[in-house]
Amino acid sequence: MTQSPIAVRPERRAELAAALARVRARVADACAAAGRDRDEVTLVAVTKTYPAADVVALAELGVTDVGENRDQEAAPKAAAVAAAGLAPRWHFIGQLQRNKARSVVRYADVVQSVDSVRLAGALDAAAAGARDRPLDVLVQVSVDGDPARGGALPGSADPQRGLDPVAAAVAGAPGLRLAGVMAVAPLGWEPDRAFARLAEVVARLRADHPDASALSAGMSGDLESAVRHGATHVRVGSALLGMRPTLR
């Protein structure tokens, strides 16, 4: 492998390697406890607020999927990692404004946070002129159905925010591919309660969209519960990279 032009401190590489081993063991144990194959669950390393050097180190340690939640940070970071000769699969996981769609589709392989018909339309229009293949999309689901927070609303007739209209908009967009759903356990909910409800929503959605097989759920504190309820992707930040600096 050509040496990366981004310097990674040996002690930081060692920290990340040790943390990655611990997280991988947790995922493997969770899969074993759930009677699932370890290969069914993809680890997405959430690197927001951390430098491109950490992404380089993780990629060199075998991490294939990386998550970011702010375009103004993700775009230059993705460019720097690409310049280092590495090509992880980039997941955009944060709330996305429509005016950022044109930028995001240029580096993201997956957008996990589509929760409105308008946002699906903006991504489709942006992808048409910037990509040679459809953009994978996960529809973000509001587990508790609170319209004040992000996420499409299961069972809602809202033509913009209802889960069924959003999923249909993504599935019908030529520049997008409906890959599955994403959710975050609501504050105050036990993870098992949240992910059990999410599993019910996913089962209903897959009846209409059988190829929407991805389920992104679970983070550092609750990944075991998410795996138990069928998660195919877990988004791990602090358990992998350490407690992150406060966003300014």
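Predicted model: local features only at pLDDT ≥ 70, side-chain atom pairs only at ≥ 80, totals over all residues.
Good morning, colleagues. Let me begin with the overall architecture. The protein contains 9 helices and 8 strands. Along the principal axes, its C-alpha atoms occupy a box of roughly 55 × 45 × 35 Å.

Turning to the interior and the surface, 51% of the 248 residues count as buried. The accessible surface amounts to about 11400 Å², and carbon and sulfur atoms account for 51% of that area. As for how the chain contacts itself, consider the contacts between residues at least 6 apart in sequence: 63% of these join residues at least 24 apart.

I now come to helix 2, which spans residues 52–60. Why may helix 2 be described as largely enclosed by the rest of the structure? The reason is that 8 of its 9 residues are buried, where buried means a relative accessible area under 20%. These buried residues are Ala52, Ala53, Asp54, Val55, Val56, Ala57, Leu58 and Ala59. You will note that Asp54 is on that list. The cover over them includes helix 1, strand 1, strand 2 (65–68), helix 3 (71–83), strand 3 (89–92) and helix 9 (238–241).

Thr49 counts as partly exposed, because its relative accessibility is 23%. After helix 2 comes Gly62, again with a positive phi, here near 105°.

Next, helix 1, covering residues 10–34. Cys31 lies in this helix and is buried, with a relative accessible area of 0%. Setting aside residues up to four places away in sequence, Cys31 touches Arg36, Asp37, Arg38, Val41 and Val227. From Cys31 to Gly145 the sequence separation is 114 residues, and the C-alpha atoms are 29 Å apart.

Val227, one of the contacts of Cys31, falls within the range of helix 8, residues 223–228. That helix also holds Ser225, which is buried at 5% relative accessible area. Beyond its neighbours within four places in sequence, Ser225 is in contact with Pro191, Asp192 and Phe195.

Finally, the pocket. The largest pocket holds about 970 Å³ of space. Its lining is made up of 42 residues, and those nearest its centre are Ile93, Gln140, Met182, Val184 and Arg235. How many residues of each class form this lining? There are 19 nonpolar, 14 polar and 9 charged residues.

To close, I would recall two points. Helix 2 is largely enclosed by the rest of the structure, and the largest pocket is lined by 42 residues. Thank you for your attention.

Terms used
Residues numbered from 1 in each chain as written. Heavy atoms only, no water. Helix = DSSP H or I, 4+ residues; strand = E, 2+ residues; numbered from the N terminus. Buried < 20%, exposed > 50% of the residue type's maximum accessible area, 1.4 Å probe, protein only. 1 Å grid on protein atoms, 1.4 Å probe; cavity = no way out; pocket = protein on both sides within 12 Å on 5 of 7 lines; lining within 4 Å. Points joined across faces, edges and corners; volume = space filled by probe spheres on them. Nonpolar A, V, L, I, M, F, W, Y, C, P; charged D, E, K, R; others polar. Contact = heavy atoms within 4.5 Å. Areas by Shrake-Rupley, 256 points an atom, 1.4 Å probe, with all protein chains shown as cover.
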